[in-house]
Amino acid sequence: MPLGTSLGARSESASPRAASGRFWAVVLAAAAGLFLLGFLIGWFAKPTDKNTSPSTHDDMSTAFMAEMKAENIKQFLHNFTQLPHLAGTKENMLLAQQVQAEWKKFGLDSVQLIHYDVLLSYPDDTKPNYISIIDEHGNEVFNTSLSEPPPPGYEAVRDVVPPYSAFSAQGMPEGELVYVNYARTEDFFTLERDMGINCTGKIVIARYGKIFRGNKVKNAELAGAKGIILYSDPADYCAPGVDPYPNGWNLPGGGAQRGNVLNLNGAGDPLTPGYPAKEYMYRLDKTNGLGLPKIPVHPIGYDDAESLLRNMGGEAPPHSSWKGNLNVSYNVGPGFTGNYSTRKVKMHIQSNNEVRRIYNVIGTIRGTVEPDRYIILGGHRDAWVFGGIDPQSGAAVVHEIVRSFGKLKEKGWRPRRTVIFASWDAEEFGLLGSTEWVEENAKVLQARGVAYINADSSVEGNYTLRVDCTPLMYSLVYSLTKKIPSPDEGFEGKSLYESWYKKNPSNEYKGVPRINKLGSGNDFEAFFQRLGIASGRARYSKNWDVEKYSSYPVYHSVYETYEIVEQFYDPTFKNHLTVAQVRGGLVFELANSVVLPFDCRDYASAVSNYAHIIYNLSRNHEEDLATYNVSFDALFSAVNNFTEVAASFHERLQQIDTNNLLAVRSLNDQLMFLERAFIDPLGLPGRPFYRHIIFAPSSHNKYAGESFPGIYDAMFDIESKADQREAWEEVKRQISIAAFTVQAAAETLKEVA
């Protein structure tokens, strides 16, 4: 630097060997001149540093967006979907090594394989899982399929795991069958309270959809069932007028949905809850792992389900909403009708839980100005079978984003902040790879984690964009999508923001597209719900108002192939490219903006909105609120304070001198730590790893987000609680915790004294 050069010249000139006073004067004047020149050059060069100047930022952003290509994503997806990549298998380890090698080739600074030894679950090859109908002599008169018919072209592929419910208890229970609709909390309330049907000692059958399958299993356990059968009803897994795969994208009758049935509530590996599953870590006994179901569970397709449900006896369904699209009565039971009344259902479940090694791939590009501030992009790599949509449509996009960042780095560019890329393992088994990594690195991430962007499936439909994120990112998402062209037909020359807003406007805020709350069921969980790191996710989705089927029809089946994506979901891969630009663009802006692109005023609006929602919910119990002296005043006061402080913080942010690096850093840290301020170290009641007071996965559906979850859960079904005073005291306690947390978060945004 010029500054160093002039100091060097000066110290050399000050040698005692100087010949005369005039020489001294000339040298000192020259040195002073050089010093001043160097100082001025250094000073004026600072704001035009290539990492911070607006023109360079925009130029590099444009170059980054232009670098990503749909054709590359297509090739990566094809490559990642030729074999099954089940967590804990050799194929998935080899894929991890391939990803590591390619990320190194793309030019990342470092790429490591990080392993953990976690509890996984697999069927027994020698004793297959199935369900039978047995007669009064115990003879099997009907058995469900042992596997799915393979899709065309995949008949010779080995190591396709048959449909199973990971972590199911072993057992061979037999009993009368009871149909429990979606096995939601309210479905069991209907059966028990309205219809007087007791599920104790029964085997229940539930259709997939509406809620996370682990919640269904937990509800069945609580109802006293001795086993649960899960099936995909055409009403939930077939779009009207569409053929089953391979002629269309619907689920064939022999297809079934694999999936884990844990209730971990954010704990990670069931044997090392709260701590990383490394070699040295103490482990619980395999039979006492956290969140493991106590009853056998098994998934079947709708062809087999029709055979089980065809002769159901007992009461008629209580409501038309309990009827699916099979050609059966949907009678609830218990047991079969008429001539079949002596028949029972028997489950044969022999799956085993075992500790196996999993591998995350972690790649890094070191930041220039703030290398100790991390932006993380992560998505999982493990699949139930081929993973055509889940997860490889996401993994292919991550791969192209990494390649594009590598191209920029090749040209001499580096981000302002450090970017970390992750290929997570064992997401399908309970978000294990990401959670173990967060547990191992929690101290560093709490201090340095700016944001986490999740990258699971890129497409679950082809209608419009779907975004779930922290309110801190709302304005960033909106401004970014205004710069990205819409891939939708009829929106040529228009922005993604315009097509998204037209197709899915917000219910909560006027004039903007809808953004959803973060729930769980994906790898952002430990970052957001446990550590309080601002998080977001984006993918292309269906029209949820019209397309009522669950997720997408072939979800977690053998039919999730490359071909179903290439032929039906996104033939040109234009939607994949758009999702890459959204995910990649978010990472670029977060890593490169001088001032973090978070807007705390949006958080204030959201918290105010949620406070009114929970208050309005409480007004269903006006008499009890008066009787037990329940008040929301403290919460509303805290929300008002937060709103005022957020507004004044935003004003200060507009006045900031971006050349004052210390001032920028100080305000950025206030923004970064705002999400952290909503974390309660004690966690939510009964769910210590869910620690965010504003957002948590719903206690009744892990996939859905709930706002002010502590208050919501305390009020849920409160009228049936035996001790009403105690129940309302808990509501008051939760309101006070929420009020304290919002007020404490406001304090973090105040001007530093």
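This note describes a strand with its neighbours and a pair of packed helices in a predicted model.

1. Basis. Residues are numbered from 1 along each chain as its sequence is written. In this predicted model, local features need pLDDT of at least 70, side-chain atom pairs count only at pLDDT 80 or more, and totals for chains, interfaces and linings use all residues, while side-chain values use heavy atoms, with hydrogens and water left out.

2. Strand β7. Helices (H or I, at least four residues) and strands (E, at least two) are DSSP runs, numbered from the N terminus. In β7 (residues 203–207), 5 of 5 residues are buried, that is, under 20% relative accessible area with a 1.4 Å probe, protein chains only. In a regular strand the side chains alternate between the two faces of the sheet. Here Ile203, Ile205 and Arg207 lie on one side and Val204 and Ala206 on the other, and both faces are covered.

3. Neighbouring strands. Strands pair if DSSP finds at least two bridges between them. Strand β6 (residues 177–179) pairs with β7 in the parallel sense over 3 bridges, and Val178 stands opposite Val204. Strand β8 (residues 227–231) also pairs with β7 in the parallel sense, over 5 bridges; Leu230 in β8 is the bridge partner of Ala206.

4. Helices α10 and α17. Helix α10 (residues 392–410) packs against helix α17 (residues 574–592) at about 55 degrees, with the axes 9 Å apart. The axes are lines fitted to C-alpha atoms over the stretch in contact, and angles run from 0 to 180 degrees between N-to-C directions. Contact means heavy atoms within 4.5 Å; among the residues that meet are Val397 and Phe405 in α10 and Ala580 and Val587 in α17.

Conventions. Buried < 20%, exposed > 50% of the residue type's maximum accessible area, 1.4 Å probe, protein only.
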